[in-house]
4 protein chains.
Amino acid sequence: MANVAVIGASGYTGAELVRLLSGHPAMKLACLAADRNAGKEYRYVYPGLRHLKLPTLRTYDEIDWTEIDLAFCALPHGTSHQVIGKIPDDVKVVDLSADFRLKELAAYEHWYGTGHSAPHLLVDAVYGLTEFYRGQIRDARLVACTGCNAATGLYALLPLLETNSIDCDHIVIDLKTGVSGAGRTPRETSLHAEVSEGFQPYNVARHRHLAEFDEQLSAVAGRSVEVTFVPHLLPQNRGILATVYVQGNARRIYESLNERYQEETFVHLLPIGHVPSTRHVRGSNFVHLGVVADRREDQVMVFSTLDNLTKGSSGQAVQNANLMLGFQESEALLTPPLFP
Amino acid sequence: MANVAVIGASGYTGAELVRLLSGHPAMKLACLAADRNAGKEYRYVYPGLRHLKLPTLRTYDEIDWTEIDLAFCALPHGTSHQVIGKIPDDVKVVDLSADFRLKELAAYEHWYGTGHSAPHLLVDAVYGLTEFYRGQIRDARLVACTGCNAATGLYALLPLLETNSIDCDHIVIDLKTGVSGAGRTPRETSLHAEVSEGFQPYNVARHRHLAEFDEQLSAVAGRSVEVTFVPHLLPQNRGILATVYVQGNARRIYESLNERYQEETFVHLLPIGHVPSTRHVRGSNFVHLGVVADRREDQVMVFSTLDNLTKGSSGQAVQNANLMLGFQESEALLTPPLFP
Amino acid sequence: MANVAVIGASGYTGAELVRLLSGHPAMKLACLAADRNAGKEYRYVYPGLRHLKLPTLRTYDEIDWTEIDLAFCALPHGTSHQVIGKIPDDVKVVDLSADFRLKELAAYEHWYGTGHSAPHLLVDAVYGLTEFYRGQIRDARLVACTGCNAATGLYALLPLLETNSIDCDHIVIDLKTGVSGAGRTPRETSLHAEVSEGFQPYNVARHRHLAEFDEQLSAVAGRSVEVTFVPHLLPQNRGILATVYVQGNARRIYESLNERYQEETFVHLLPIGHVPSTRHVRGSNFVHLGVVADRREDQVMVFSTLDNLTKGSSGQAVQNANLMLGFQESEALLTPPLFP
Amino acid sequence: MANVAVIGASGYTGAELVRLLSGHPAMKLACLAADRNAGKEYRYVYPGLRHLKLPTLRTYDEIDWTEIDLAFCALPHGTSHQVIGKIPDDVKVVDLSADFRLKELAAYEHWYGTGHSAPHLLVDAVYGLTEFYRGQIRDARLVACTGCNAATGLYALLPLLETNSIDCDHIVIDLKTGVSGAGRTPRETSLHAEVSEGFQPYNVARHRHLAEFDEQLSAVAGRSVEVTFVPHLLPQNRGILATVYVQGNARRIYESLNERYQEETFVHLLPIGHVPSTRHVRGSNFVHLGVVADRREDQVMVFSTLDNLTKGSSGQAVQNANLMLGFQESEALLTPPLFP
């Protein structure tokens, strides 16, 4: 049995952690922290979780680290590195922010436009894409969970670069994401009246998750890989679907993915020609992949979908924590998606 | 041809005024004011209106009143009375806020929890429920448009009190409203993730529109009438539907409504037993009413629906302005609803 | 370990049963039947459940009853009694249709406009509102799960009638329900374009669940009770919220509910004055209740919300099956709701 | 004044025609036909249009052609050519189906899998993309409105091929469309519960609008052009947005579009770097285009959005009819979009 803390428990990823961990037989939610809501009972922040027996929210400073084995940090980037820099070394950390995802300090400063207060931790931080960094994650003290958009694209692309199955110079990721990724902070662009019944691109060709694509894809390809990446905002809360346009042989691409993922619990490749849907992974830790050959020769579409709050953030975080604490990797994560 | 100004042009009711007035042959949008967005072209605030030739947004202080015949004031309550207090007397005013709706200053102070800087204007302000105050509105200098929830209930109830067709002591208004009524200001409770795929009551038994119900219904009934009023928030942008539970004879109730509204352009009574839907009035200035007899004797349901931004606010405002300026009452307001 | 069958597995309540049962440690999904989809793998009917190892769909006739301990029957009313009439006596049955809910055959024929092929089973069938018929359910061979709307209203009302806390002659149930209750069969009225961004009443004063209200409420009150019941269709998939208008003392009403449910796992009464939301029970087996006093004396609003597919149907069915098979009542049903 | 008929008036494009034409000063809705709903008053098919004085629905056979100047045919493909083949020669026809869009009979038979009963009309039928075939449309007897997806892509691409500004061999159209394009016929895939809160591709690399892309793009390019086309279904009713990936110089691409459309009333090019949104054209006849340069050299994204029911179908049809009847092209089409 391990005692865990959730820092930043009043955001959506924080609540998703609490939801998932409530079903975990070996992790105990010993501490919930959220500076602005400190002192509140969690049931007044997330009334849907009122049936759970949970500790009252406290400030970060009030955390008693001696009782914590592992901390999930679900804070915004910029805040995260400041908080994590102060956590005692013997507490394992799973960070859900962007602060420890990039190996290159300069890349972080460039893409996030801010300095970093704990750059010494960057070196040992492990990128949290579980299926690709499982070994390192098991031994890590600090795991940096991926960007949810980055994860969606990487599940489609990494095996294709590993097997050299596609042309690295012509990769287009057309991605569509639900609005919960923008968080619970009130913003005009997240209002119901501004999101429902409408669709648009955003941060075209300059989304910060490009930094993760660049670093991860280039590392695997052994050369610089630059993708074209266009995110769009969907009128729905959960779910990301990436349509990845690549050049290569459809059958070979299919086989590369099939081989890579056939033993994986959470990554499912559909039969060739079939397409996935965000609604079939909603609320679950599963990834669904599909491959369709275009009528144009050597043009192939790879589809990848996951729930941004689960496999794209908090589910991934629990999966990594399971490894770090020596539990079964899929513990508390096999709940089916909710449909409709 | 009249020159009109829209003050508070960057909110949803402001934009709805601009949308409706763009089709008006006799009102010219001479001025758009919005303090926070002053200096911006309107197309960057509402890109859907980019095809219109519109004046650049300015501050309230920059308005040249000598060129304005009538001002629509689409500001929040509390701000509205301050701005309107300073408008020259020869400019007619249609206010969309709550600041001049109530005759009783004390009631205003009680329900809105704030003082009033222009109480002298309360006396002459006319309540903007056009079909009931048409004569006074024609001659008014200041018309106070109704609350959108209040209007929805009053269209169902006023004719029944006028004709003494129901028991005044047992009126229940169960009302459901879309989220655009909460405005464009970012609030956690208006986020897509907090509104879509969910439904709940709010401000139960203490919604401010109760003040309008009390004043209007009591005035018509000639005695104090207190309704039970429970508003709920719908996961949709536009539309209000009130289910009004009354005690009386269904046929008589139907006839009272039929007689009252048969000559009205914008208020449509459906055949008895039929029910209205918010989707059939979306974006239009129409009200749909329905009457259904319960199986229990003398229990009757009256349904009333309108679009909160149109007939509930900005369409009603244009309708009133048409009267005040001597134009045809329905000018620019006959556009059908948008469905689906 | 018990072997269970789901008959009618390709509808939404069928899929919800599969979703819930996939996490049940003591029930094995031994058989999935669906006449029209017989022969298909379940993953092609519900791709979100592709990670589960499930039997291929078969016809009702192909079911091998010798291997089944309990059957969930998730068929439409009218079909259900025909199928259940043929199930061997030693197989326990949990029916999700309306066919065995009413004690009175005449009431069934009246409200459902059809004959009944197994009227002899009506006598022993137990109404599946677990918290009120727990004892009988434990010993039942056939349990008839409630209508989802009926359940929502009954959780609010039954304790008030049991304790004689309200006036039985003035009960109004204004109910709002999501569209998944209408099932997966294509209908114009269930289309996205006809449901989203709109709201309306339906089956006013003649909804079939009135039959359940009449029978259940009258039985508890010991006299004939007729409620006014107006259902409305929400632009959302899951969730029912009933606003129940009653006359009585708010504090006494609150205490009646509190006493009745304080030991119940799935029924939660919020603090007095607080209101529930469908989004806080989505996908879960919980019921949330709220009580608010109106400003008018002795007028009280009781709010009740649940997920129509879970606590209103399939979750309730599993809860009852747990009792019938001697398992812990809450087994497989404690998963938190999904939000956002 | 011209008398017009709408054939197929009970579908969504039929209702959209009625909505638009209700504001037309020179076209009179003389006839509404819909076989299945013949005999009904239109207000019971579309209650939102109840304020209009409209003829009762009749069958196709009951149409008195002597009183009709122009017929809008809003029937499904396959039915359309049969009905139009029987319309007298002196009645002008605007067809909204796919039956007369393709010049090549073989292409029609291939993509639509059915024969054609009026192939002789294919030769003279004019493709209804108004801004590109204006001259021919003016003189046409039969205009075949475009596919809504095709129109969205063609507005982005045609000027680029005309000016030879992009590489014709690397065009990717990633398109997202609302569900109203699937029509009012009940289908499982159009249900609210199957569409809302979810997103997925469909008909990947084999959507029928490919035939239009092939024919139109090749004609302009003077060589065979084959695009990659992946449509996706959005959880919203109205709106299409195409993200078109092309290779060329962003500035030159922008100038090509700017030059082509600067005099056009309905096609608006946003400032370079800005992106359009379906919500800014909802319910209107406008097209919004945007151009963004990728960080990768010579990779450019062109965004195109329109309302599938308006500019993509019925608005386009009215625009063409205006030309065919000698009215002002924009008559009845300048209504602003509805937002929110």
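Me: Let's start with symmetry: what rotation superposes chain A on chain D?

Reply: Two copies of a chain are related by a rotation about an axis and a shift along it. Here chain A is superposed on chain D by a rotation of 180°, with 0.0 Å of shift along the axis and an RMSD of 0.0 Å. If you want a landmark, A:Pro235 is the residue of chain A that comes closest to the rotation axis, with its C-alpha at 3.2 Å.

Me: Before we go on, what should I know about the model and the numbering?

Reply: This is a predicted model, in which local features need pLDDT of at least 70 and side-chain atom pairs count only at pLDDT 80 or more, while totals for chains, interfaces and linings use all residues. Residues are numbered from 1 along each chain as its sequence is written, chains are lettered from A and ligands numbered from 1 in the order in which they are written, and side-chain values use heavy atoms, with hydrogens and water left out.

Me: How many residues does the contact take from chain A and from chain D?

Reply: With contact meaning heavy atoms within 4.5 Å, there are 51 residues from chain A and 51 residues from chain D. The copies meet through the same surface, because 100% of the interface residues of chain A are also interface residues in chain D.

Me: And what area do chain A and chain D bury between them?

Reply: The size of an interface is often given as the accessible area lost when the parts come together. In this model chain A and chain D bury about 4200 Å², 50% of it on carbon and sulfur atoms. That is accessible area (1.4 Å probe) that the two parts lose on being put together, summed over both.

Me: How many salt bridges does the rule find across the interface of chain A and chain D?

Reply: The rule asks for a side-chain nitrogen of Lys or Arg within 4 Å of a carboxyl oxygen of Asp or Glu, and it finds six across this interface. One to look up is the pair D:Glu226 and A:Arg295, at 3.8 Å from N to O. As for class, the side of chain A that touches chain D has 25 nonpolar, 13 polar and 13 charged residues. For that division, Ala, Val, Leu, Ile, Met, Phe, Trp, Tyr, Cys and Pro count as nonpolar, Asp, Glu, Lys and Arg as charged, and the others, Gly among them, as polar.

Me: Now for the other pair: by what turn can chain B be laid on chain A?

Reply: By a turn of 180°, with a shift of 0.0 Å along the axis and an RMSD of 0.0 Å. The two copies are thus related as by a two-fold rotation axis. The same surface serves both, as 100% of the contact residues of chain B recur in chain A.

Me: Which residues should I look at where chain B meets chain A?

Reply: In this contact 18 residues of chain B face 18 residues of chain A, and the two chains bury about 1500 Å² between them, 55% of it on carbon and sulfur atoms. B:Arg184, B:Leu191 and B:His192 supply 40% of the area that chain B buries against chain A, more than any other three residues. There are four salt bridges between these chains; among them is B:Glu188 with A:Arg184, whose closest N and O atoms are 3.4 Å apart. Helix H6 (residues 192-195) of chain B gives the largest share of the side that touches chain A, four residues. Helices (H or I, at least four residues) and strands (E, at least two) are DSSP runs, numbered from the N terminus.

Me: What is the strand order of the open sheet in chain C?

Reply: Strands of a sheet pair through backbone hydrogen bonds, either parallel or antiparallel. The six strands of this open sheet have the order E2-E1-E3-E4-E6-E5, with parallel pairing. Strand E2 (27-33) and strand E5 (126-127) of chain C stand at the edges, each with a single partner strand, so one side of each is left without a neighbour in the sheet. Two strands pair if DSSP finds at least two bridges between them; strand E3 (residues 70-73) and strand E4 (residues 92-95) of chain C are joined by four. Within E4(C), C:Val93 is the bridge partner of C:Ala71.

Definitions and conventions
Least-squares fit on C-alpha atoms with pLDDT ≥ 70 in both.
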